[in-house]
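Visitor: Could you walk me through this structure and tell me what stands behind the words used for it?
Guide: Gladly; here it is.

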Amino acid sequence: MTQPALVVEDLSLAIGPAQVVDGVGFSVAPGEVLALVGESGCGKSLTAQAVMRLLPAAIRQVSGRVRLGAEEISALPERRMRELRGRRLSMIFQEPQAALDPLATVGTQVAEALRLSVAQARPQVRKMLEDVGISDPDRRIDQYPFELSGGMCQRVMIATALISGPAVLLADEPTTALDVTIQAQILDLLRRLATERQTAVVLITHDMGVVADIADRVAVMYAGRIAETGPTEAIFAAPRHPYTALLLASIPRLSDVPKSKLAVIEGRVPTPAEFGPGCRFAGRCPLADAHCAEATPPLRSVGDGRLSACFHAERVR
Amino acid sequence: MSGRITPGVALLLALLAAFVVAAVAAPILAPFDPLRQSLLLRLRPPGTTLAAGTFLLGTDDLGRDLLSRVLYGARASLAVAALSVSVSLLVGTLLGLLAGWFRGWPAILIMRLVDTMLSIPAILLAVLTVAVLGPGFLNLVLVLGLTRWPRYTRVAYAQTLQVANLPYIRAAEMAGSSALRILLRHVLPNIAGPLMVVATTEFGLMILFEAGLSFLGLGIQPPFPSWGSIMSAGRQYVARAWWLTVFPGACLFVLVLCVNLFGDWLRDRVDPRSQSR
């Protein structure tokens, strides 16, 4: 197996005493798309920000190692880290229109990732805009963000993130603010660029539909921990964690009886203050027993390159 | 006032342009040398025509042509205001950007200094500084520039705090841009609007300060003309020669009014919330 482009090990983040991300680890190979799935507030965005080393001031990193290719980057000084950002490690996020400076032209912003001016990098920028599927790049390059649609802005963001050929792209809910048609186009684009450029993509999302569309592998997060990881088809076919199973069951289907009640997961995600010693999903889990509330289930292999953090993984169906 | 260029705004801009032209082209427009004295021509009323020519606005107590002096006075007013606003805009914006970006102790230090400066009456501070440094054009600019920066700092600080949390600034950080680059390329352009509004209102105030300090003898020094010093000299003759105080005073009034109205208009354009009115 080739060396992974990005490896995150034992990442723990805390707000005050509460561990909001607890021992999260994953790896992505070049050209692979890994989906990090979970409900809002489960720590998936924080995980990405920790990889970039741009955490909000209130968040403390308790532990964790990040390797980019062969290089350990978690201990790099900020100066060196800044050189990596945008060059070998890029990130895009929600609200593409707000993520572009309203007073700078598209070309200026794409060229900035190369630390060049548009005048210096015009042919490269033009080519990149074309690669992300922007029609008429010669005109768009001199336009301002307000002249572009949301989907177009996200394409520009992707161009900005990828122009310097990074090894890893962290995409934090890149299609949440877009309508479904545009969403599908952007996902196709990400999928194609990942394969063509051998970029490892970590796609953060709460949408199982997005996962099924483009991810090679999935890591399901719940309340700051990885619940289950594995190849996408395997997880969709037969989840090995009750949370994943319920999550998949809650996707509405066209074959459902019209007006029938939507499937829901009873209860709510515990707040960090309510985290107990046991499995964080125990309170909502149909399979939970006394043991689940007392001990944290470790991530263990359940076959086919899959890991599950459930004592009852074999009983999930 | 709406954000569009209405006839009223056009008139305003024309008047402002007229003042600027008067100041810049004073050597060409002035019919006489503003410093040439003639004791035989003392205190002639406006419109006096003699062998030397027509004194459209009359002459002053030393026989100098008032129109020429008022034209040159516009120069002093606008030059002092423009330079001192530039100095304070530069200093104030820089400190505000730093405070807003780094927060923490730099912000505490800078913003407490701002509070301190703002609690001292500006005119008193200016009078004191001129008294120490001595009067004169350059000192006037420095004094006004270095006492008026806190206004800009407050605005720049608040705006930077707001802009620094916007996604596009975070995106620039994620793309590995340095703090300096982000501040100059992304933050500054996006906070420039409100700063220009402050600069405009301050511009009007600086014109008044220059006139006030010159009136007190702490600004532009005689024999060089400034509206303030012309009025100061004309004060003793107000009963006999009203024109000495009325013309420079009217110019001052109209100019400051225009600048302030222009500032209001600019604010409405910059602030979308007040545009809907």
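Guide: Let us start with burial: buried means under 20% relative accessible area, exposed over 50%, and partly exposed in between, with a 1.4 Å probe and protein chains only. The model is a predicted one, in which local features need pLDDT of at least 70, side-chain atom pairs count only at pLDDT 80 or more, and totals for chains, interfaces and linings use all residues. Residues are numbered from 1 along each chain as its sequence is written, chains are lettered from A and ligands numbered from 1 in the order in which they are written, and side-chain values use heavy atoms, with hydrogens and water left out.

Visitor: Why is A:Arg115 called partly exposed?
Guide: A:Arg115 has a relative accessible area of 29%, so it counts as partly exposed. This residue lies in the loop between helix 3 (106-112) and helix 4 (118-131) of chain A. Helices here are DSSP runs of H or I with at least four residues, strands are runs of E with at least two, and both are numbered from the N terminus.

Visitor: What makes the phi of A:Arg115 worth a remark?
Guide: Its phi is positive, about 60°, although A:Arg115 is not a glycine. A:Arg53 also has a positive phi, near 60°, and sits in the loop between helix 1 (44-52) and strand 4 (59-68) of chain A. With a relative accessible area of 25%, A:Arg53 is therefore partly exposed.

Visitor: How do you know whether A:Cys285 is in a disulfide or in none?
Guide: A disulfide is a pair of cysteine sulfur atoms within 2.5 Å. The count over all chains is zero. For A:Cys285, the nearest cysteine sulfur belongs to A:Cys310 and is 5.8 Å away, and A:Cys285 is in no disulfide.

Visitor: Is A:Cys285 buried or exposed, and why?
Guide: Its relative accessibility is 15%, so A:Cys285 counts as buried. A:Cys153 has a relative accessible area of 0%, and is therefore buried.

Visitor: What makes the nonpolar patch on chain B?
Guide: Patches are made of residues with over 30% relative accessible area and no salt bridge; like charges are joined within 9 Å, and nonpolar side chains (Val, Leu, Ile, Met, Phe, Trp, Tyr) within 5 Å. A salt bridge is a side-chain nitrogen of Lys or Arg within 4 Å of a carboxyl oxygen of Asp or Glu. The patch of about 440 Å² is made by B:Leu83, B:Phe137, B:Leu138, B:Leu142 and B:Leu146. Helix 6 (residues 137-147) of chain B gives the most, with four residues.

Visitor: And why is B:Leu83 called partly exposed?
Guide: B:Leu83 has 41% relative accessibility, so it counts as partly exposed. Its place is in helix 3 (residues 66-102) of chain B.

Notes:
Accessible areas come from the Shrake-Rupley method with a 1.4 Å probe; for residues, only the protein chains shown count as cover.
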